[in-house]
Structures are given as C-alpha cells and as structure tokens.
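Here is a short briefing on a two-chain model. Please keep the sequence and the structure in view while reading.

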Amino acid sequence: MGNSTRLIVMSLVVIAAVGYLILTGVKQTGMQYMTVTELAGLDRAPKAEGFRLDGTVAPGSVVYDQREPKLQFKMTDGKENISVVYEGLMPDAFADGREVVVEGSYRHAERAIYASKLVTKCPSKYEAKGLGKDKS
Amino acid sequence: MSELGRLALFLGFACSIFAVGSIAWGLRTGYSGPLRSGRRAVWTVCALALLAVILLERALLARDMSYRYVAEHTSKDLPLHYAFSSLWAGQEGSLLLWLLILSAYGSAFLFAYRKRLDPFYDAVAMVIATVMIFFTGLLTFVSSPFRILATPPPDGMGLNPLLQDPGMMIHPPILYTGYVGFIVPFGFAMAVLLLNRSGTRWIEEVRRWTLFCWGFLGVGILLGARWAYVELGWGGYWGWDPVENASLMPWLVGTGFLHSVMIEQRRGMLKTWNIALIALTFELSIFGTFLTRSGVLTSVHSFAESNIGPWFLSFILISGTAATALILYRKALLESENRMDAMISREGSFLFNNVLFVALTFATFLGTTFPVVSEAVTGTKISVSAPFFNRVNVPIALALLLLTGAGPVLSWKRATASVLKRNFVLPTVMGILAAGIAMPFGAEGVYPLVCIFGAAFVVTTIVMEFARGIQARKSSETAALPAQVVHLVKKNKRRYGGYIVHTGIVLLFVGVLGSSVFQKEAHAPLKTGEALHIGPYTLTLRGVTERQKENAILTTAILGVERGGKLVGTEHASKALYSKSQQPMTEVALHWTPAEDLYMILGGVNEDGSASIQAYINPLVSLVWGGGIVMVLGTLIALSDRMRIRREEKAG
C-alpha cells in the first residue's frame with residue numbers, strides 16, 4: 001500500500017470517526033428548537049426529549065423560591081405561553097418581559113418545560129431605543 | 001468635533017482605496033512611486049483611525065451625551081476607567097478599535113520591512129489595505145460612532161453592569177490584537193499567490209507573525225474565560241457558548257498551521273494545505289467578530305443585535321471565494337517538493353495533528369451553527385449545546401493530547417523500531433503509573449484516565465527531551481542543572497519554547513479535567529451564625545451588610561471559611577444593584593488555593609433575613625490559568641528566536 005493511499009485511509013478513518021461522534025452527538029443531545037406557539041399547539045406528547053425555546057418572561061408570572069433555589073415562570077411569544085420550571089439561581093438579568101432562552105425536557109401532561117439551562121439575553125434597553133432621532 | 005471624527009473616518013476610507021489602487025498600479029507597472037504613495041496612505045489611515053479613537057475617547061471621558069454612542073454606553077456616575085473602556089462596549093466603538101488595530105498592524109508591518117524594497121511587501125500591504133476599505137467603509141456609511149442626538153438626554157443609559165469588570169478592560173483589546181493580527185499572515189499568503197512567488201523565506205516570516213497573534217488570541221480567550229468565571233457567577237469558565245466557540249476556532253486552525261508550517265519549512269510539503277489554513281484562520285476571525293456582533297446566535301457574551309451581519313457575511317463570502325480562486329489558479333506554484341516517506345514519522349504525526357485540529361474546528365463550527373444548518377438541511381431547527389461539545393470535542397482533544405507527546409519524539413522521514421522503543425517505553429510506563437495512582441482518588445471512566453495517562457506521557461517525553469539535550473552538551477559543561485536548562489533553551493528557542501507551550505497545554509488539560517469532573521456543589525439559606533458544609537470546608541454566615549458604591553447598592557454576605565476546624569479566611573459574596581439599570585449583578589467570592597477554588601455566590605436575601613448561599617469547589621482551576629501563563633512564556637521564548645531568519649537571510 002502506497003503512502004498516499006495510507007494517508008487517504010487515515011484521513012477517512014478520522015473523518016468517519018468524527019462524523020460518527022457528530023451524528024450520535026446530535027441524536028443524543030440535540031434539542032428541537034421551537035417557538036412557544038408551536039410547542040403549546042402540540043396535541044400529543046412529542047417524541048423528541050430535549051427542547052429549546054425562545055421567548056419572553058410573561059409579566060407577573062415569576063415565582064422564585066430563593067431557598068431551594070427554584071424558579072418558575074410562564075414564557076410567552078405574545079400568543080401562547082408555556083410554564084417553565086428551573087432549579088437554580090435566578091440569573092442576574094432575569095426579570096419580567098426579558099427575552100430568555102430555555103433548554104430542557106418537555107412534560108406534555110404538565111405543559112411545562114423542566115429547564116436545565118436558562119440564558120437571559122441582555123436587556124435591549126442598553127441598545128439604541130428611547131434616545132430619539134439623530135440630528136440631521 | 002463629531003464632524004472631525006466623521007471626516008477622519010471618511011478620509012480613512014478614501015486613503016484605503018487610494019492605497020489599494022496605488023499599490024496595484026505600482027505592482028503592474030513596476031514604478032516605485034505609486035508603491036511609496038501606497039505605503040504612505042496606509043500610515044495615514046493609521047493616523048486617522050487614531051484621531052477618531054482619540055475624539056471618541058474625549059467624548060466618552062467627558063460624558064458628552066450629545067453623542068449617541070456616549071449616551072448609549074455611559075452615564076455620569078460611571079467610574080472614569082470604565083468610561084474609557086466603554087470604547088469597546090458597543091458595536092461602533094468595537095469596530096473602530098478593530099480598525100485602529102488593523103491599521104496599526106499595517107503600519108507595524110511596513111515599519112518592520114521598511115528596508116526591504118521588494119514589491120512583495122507592498123503586495124502584502126495592499127491586501128491589508130483592502131480589509132481597511134471594508135472597515136472604514138462600515139464605520140463611515142453603516143455604523144458610525146459619531147452620530148449626534150437631536151435632543152441630548154440629561155444622562156446616559158449606563159454601561160452594562162456585566163462589562164463593569166477589570167477583566168473587560170483588557171480582554172477585548174487583547175482578543176482583537178489576536179483576531180485582527182491574522183490579517184498579516186493572510187496578506188502574506190495572498191501576496192505569494194498574486195505575485196506567483198516561490199521560495200520559503202516568507203514562510204518563516206508568516207510563522208512569526210502567526211505565533212504573535214496566536215499568543216494574543218490564546219491570552220484573550222483565557223481572559224474571556226476568567227471573566228465568565230468571576231463575573232457570570234455560574235461556577236464555570238467555559239460553556240461552549242457561540243461567542244466562546246467563535247474565538248476558539250481561529251485559535252485551533254492557527255495551532256494546526258503552526259505545526260504543519262514546520263513540515264513545509266523542513267520538507268517543502270503541504271504548501272496548498274498551509275495557505276488554506278492561513279486563509280481559514282483569517283476568515284474564522286472575521287466570522288468570530290460577526291458572531292459576537294450580529295446576534296444571530298443567542299449568547300451570554302453578545303451585547304448587541306445589529307444590522308452589520310449581512311456586511312460581514314458578504315465580506316467573508318467575497319474574500320473566501322477570492323482566496324480559494326487564487327489558490328486554485330496558482331496550483332502549480334504550490335506543488336509539493338517531497339513525498340511522505342512513512343506514516344510513523346514526524347511528518348505523519350503533524351499531518352495527523354492537522355487533520356484532528358481541522359476536525360475539531362469543524363465539529364465546533366457545526367455545533368455552533370447547528371440551528372441554522374439543520375433548518376437549511378432538514379427544515380427543523382435543532383440546537384445543540386455543551387453536552388454535544390463534550391461528547392464530540394473531548395475525544396478529539398484527548399487524541400491531540402496524546403499526539404503532543406508522540407509527535408516531537410518521532411524522527412523525520414521514518415521512525416525506526418529502535419527509536420520507538422527508546423522514546424516510548426518510559427513515557428508509556430509513566431502514563432500507566434499516573435493513571436493507576438489517580439484511580440483511588442476517584443478518577444474513573446475512560447476519558448479522565450486517558451487524560452491523566454496523556455498528561456504524564458507528554459510531560460515525560462518533554463523531560464526526556466530536555467535531559468537528552470543536556471546530556472549531548474554535557475561533555476563540555478559542568479554548570480548547575482538550572483543553568484544548563486537555560487542554556488539549552490537559549491540554543492534552540494523555537495524547539496524548547498514549543499516544549500514549554502506543550503507543558504502549558506498539559507497543565508490546562510489537567511485543570512479542565514479537575515474542575516469539570518470533580519466539581520462539588522452545595523447550597524442553603526443561612527441565617528447569621530448558621531453554617532453550610534461543602535467538602536472539607538465549613539462556611540459560616542457572619543452577617544449581611546448593605547452599602548452604597550459609586551453607581552450601585554452592594555449587598556454583601558460575610559462568610560467565615562473554615563477548613564478542618566481551622567479558620568482560613570473571611571470572604572465577601574455580594575450582589576450589586578446598579579442604579580441606572582436596576583439590574584442585580586452577582587459578585588462572586590473566591591477563596592483561592594493552588595489545589596482548588598472555593599467559589600461562593602450570594603443568591604439573595606430572603607424575607608426572614610436569611611441569605612441564600614451557593615458554593616462550589618472547583619479543583620485545579622488554577623492550573624487552567626497557570627497553564628495559560630506557561631503557554632505565554634513558551635510563546636515568548638519561541639518568538640524571541642531570530643537566528644533562523646538571519647541565517648536564511650545570509651544564505652539567500
């Protein structure tokens with residue numbers, strides 16, 4: 001076997017191994033990226049386990065037990081909403097109306113996401129709003 | 001003043017276009033006049049960018065709220081040093097900093113080669129100036145930092161509390177120095193192709209520039225990790241967040257290049273591959289800026305959603321296509337001079353290393369952009385996060401760790417059985433021994449054991465290499481061992497600097513292993529006098545205080561830290577409530593020891609007056625930062641090696 005053949009074989013082996021890792025990785029850890037309306041509209045329990053949702057914190061829905069710590073709130077996309085249960089400290093930037101991303105498993109019977117990860121997007125009020133127009 | 005700023009940027013745009021046009025004309029015709037004018041235009045852009053930065057800094061420091069940028073990112077109660085660093089808190093200022101560093105690289109490059117009259121260097125400057133057109137254009141027409149408000153507000157909106165951290169003052173400039181610097185290797189590569197140059201001298205120059213920005217990028221990444229660790233308050237320092245991945249990708253490809261470039265220097269092989277790696281590193285650093293700034297992917301580090309995304313994507317598309325087309329067009333120039341003799345050789349291991357680095361980058365890229373990719377391919381948006389990267393990247397990284405040990409002790413061309421025996425038996429024994437020793441301490445599972453085996457293996461090979469080097473010189477030397485080591489390193493800075501970098505990498509791996517696998521967590525609401533137990537530590541709440549800071553109210557839990565019944569320290573875990581944004585910010589208390597960090601967070605104060613405390617024990621985190629420092633040291637040593645260039649200059 002020539003060296004260039006060996007080289008190709010080696011590369012193929014690496015590519016196959018990495019491809020295998022990626023495929024099984026996606027299969028086992030991949031999360032369905034859904035909107036709140038899509039998830040709330042499901043009439044049967046979905047097959048997939050992991051979900052990722054974007055939305056905002058419905059004002060007035062936040063219940064936070066600092067002692068556990070356990071955070072519960074409703075997440076909304078303006079039309080529908082979904083309960084979120086997160087066992088962990090409330091992120092600093094978390095508040096009513098903030099944009100959040102949650103990842104976790106969906107329990108259809110409770111219509112709730114049990115989040116393993118909760119990311120709060122930086123509040124948009126830091127960006128240009130409310131400062132009015134430019135001087136022309 | 002804002003008109004002056006805008007004018008400076010517009011003139012910068014015009015000068016960049018002039019530089020490209022003038023140099024192109026000079027290269028075509030062979031006249032030196034246009035080349036000289038082009039060089040001067042590059043210097044001018046640098047001066048103009050500096051002027052723009054000074055004007056914006058003046059406005060920031062004076063809190064001139066008529067500037068939109070100042071009103072958006074500062075407030076009157078913001079401490080002066082954070083007003084200074086808010087230059088890179090927002091998009092427009094960050095782009096301006098990009099431009100300043102870019103044009104500074106252009107000028108530094110021209111200064112370094114001012115005595116070389118070879119038009120090759122002008123061609124490199126032309127490539128750099130082309131990128132300057134893009135950034136000055138963005139700053140002039142799309143995203144100007146000098147926008148003036150029709151009605152200036154009485155006070156600004158304040159700096160995001162997350163960015164009010166000493167680490168944030170240095171992290172972005174250092175990261176950018178790394179990112180932006182890859183323009184120089186890219187310029188070299190494109191110039192070689194444009195002028196159809198053969199020869200290898202440029203390769204050594206590219207290697208040094210790459211090493212320089214690679215070092216900065218590495219430090220920038222670690223500073224970002226450190227910032228996340230002390231500022232985000234979730235107990236970790238790396239979360240495979242899109243922005244973190246974005247900075248890691250060019251570093252990975254750059255690392256691959258720094259290895260494979262040795263094969264090209266030594267054996268004249270892999271030329272196409274190396275140029276492709278340089279181009280990829282550059283494109284990935286632009287892509288990184290794009291991810292950080294565009295907000296396409298949700299990230300804890302991205303602070304803006306903006307309109308510059310399409311511009312960046314177009315730029316990546318156009319420059320990437322141009323680079324690919326040039327490589328294909330000059331295929332003949334990039335013919336390999338030698339063939340691979342055997343797979344089990346230095347070349348073979350470097351090649352394997354390269355394939356793995358590119359695979360690692362690819363996996364990271366795919367994971368980062370997976371929602372976009374999967375939607376395009378299958379129609380459903382699938383997202384992956386940390387578990388995916390741990391599954392895919394960890395085994396690849398471990399394979400690379402093993403190669404770190406194996407590569408340097410394999411001989412060039414072909415490694416014989418006796419070489420293998422001489423170099424591999426002892427490291428393998430030490431590796432197995434280390435893994436065996438670690439097992440009773442709770443190290444279980446394949447990956448942790450492979451990591452410990454690999455770490456011991458690599459360290460042993462490095463010690464053996466040093467020992468062999470000293471032995472070879474021993475006949476004439478009788479100095480003490482440390483002096484001999486120093487002498488040895490000085491003799492071949494590149495080689496031993498590289499080994500020192502490898503040592504840093506090993507420390508980093510062990511630190512990551514310790515802090516990820518052996519992390520402990522505990523939490524409880526504590527009343528004054530009550531205690532929380534975690535590992536060998538007992539945390540007793542001494543009390544909760546509240547005081548006014550410059551622009552925030554600080555609530556602090558004072559914790560007595562005992563270890564084995566002995567008081568070892570008093571720590572302060574706080575929450576700051578910033579007056580401008582009404583946003584709370586966790587300020588972590590760190591009880592640092594070389595072996596482990598005790599990491600304490602104040603969750604909040606409850607109605608009954610108890611304080612919710614969360615604590616982590618993160619073993620060996622200090623090795624992550626320590627490994628970084630060792631890597632910097634090794635990089636500096638390798639960079640200080642000028643011998644080879646001089647030798648080659650004499651020969652040429």
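**A sheet in chain B**

B:His533 sits opposite B:Thr538, a residue of strand E4 of chain B. The model is predicted.

Strands around the pair
- Strand E3 and strand E4 (residues 537–548) of chain B run antiparallel and are joined by four bridges.
- The sheet is open and holds five strands of chain B, in the order E3-E4-E5-E6-E7, with antiparallel pairing.
- Strand E3 (531–534) and strand E7 (584–587) of chain B each have a single partner strand, so one side of each has no neighbour in the sheet.
- On average, neighbouring strands of this sheet are turned by 25° against each other, direction ignored.
- Strands of a sheet pair through backbone hydrogen bonds, in parallel or antiparallel fashion.

Contact between the chains
- Chain B brings 50 residues to the contact, and chain A brings 38 residues.
- On the side of chain B that touches chain A, the elements giving two or more residues include helix H3 (68–73), helix H13 (346–368), helix H15 (386–409) and E7 of chain B.
- That side of chain B divides into 30 nonpolar, 14 polar and six charged residues.
- Strand E1 (residues 31–35) of chain A pairs with E1(B) in the antiparallel sense, over two bridges.
- The bridge partner of A:Met31 in E1(B) is B:Ser383.

Domains of chain B

Domains and confidence in chain A
- Chain A is assigned domain 1 (1–30) and domain 2 (31–123).
- The centres of these two domains of chain A, taken over C-alpha atoms, are separated by 37 Å.
- Chain A has a mean pLDDT of 83, and 90% of its residues reach 70 or more.
- Over residues 124–128 of chain A, the pLDDT is below 50.
- Beyond near neighbours in sequence, that stretch of chain A has eight contacts in the model.
- Where pLDDT is low, the predicted coordinates should not be read in detail.

Technical notes
Residues numbered from 1 in each chain as written. Chains lettered and ligands numbered in written order. Predicted model: local features only at pLDDT ≥ 70, side-chain atom pairs only at ≥ 80, totals over all residues. Domains from an automatic or database assignment. Pairing = 2+ DSSP bridges. Axes fitted to C-alpha atoms, helices over the stretch in contact; angles between N-to-C directions. Contact = placed C-beta atoms within 7 Å. Nonpolar A, V, L, I, M, F, W, Y, C, P; charged D, E, K, R; others polar. pLDDT = per-residue confidence, 0-100.
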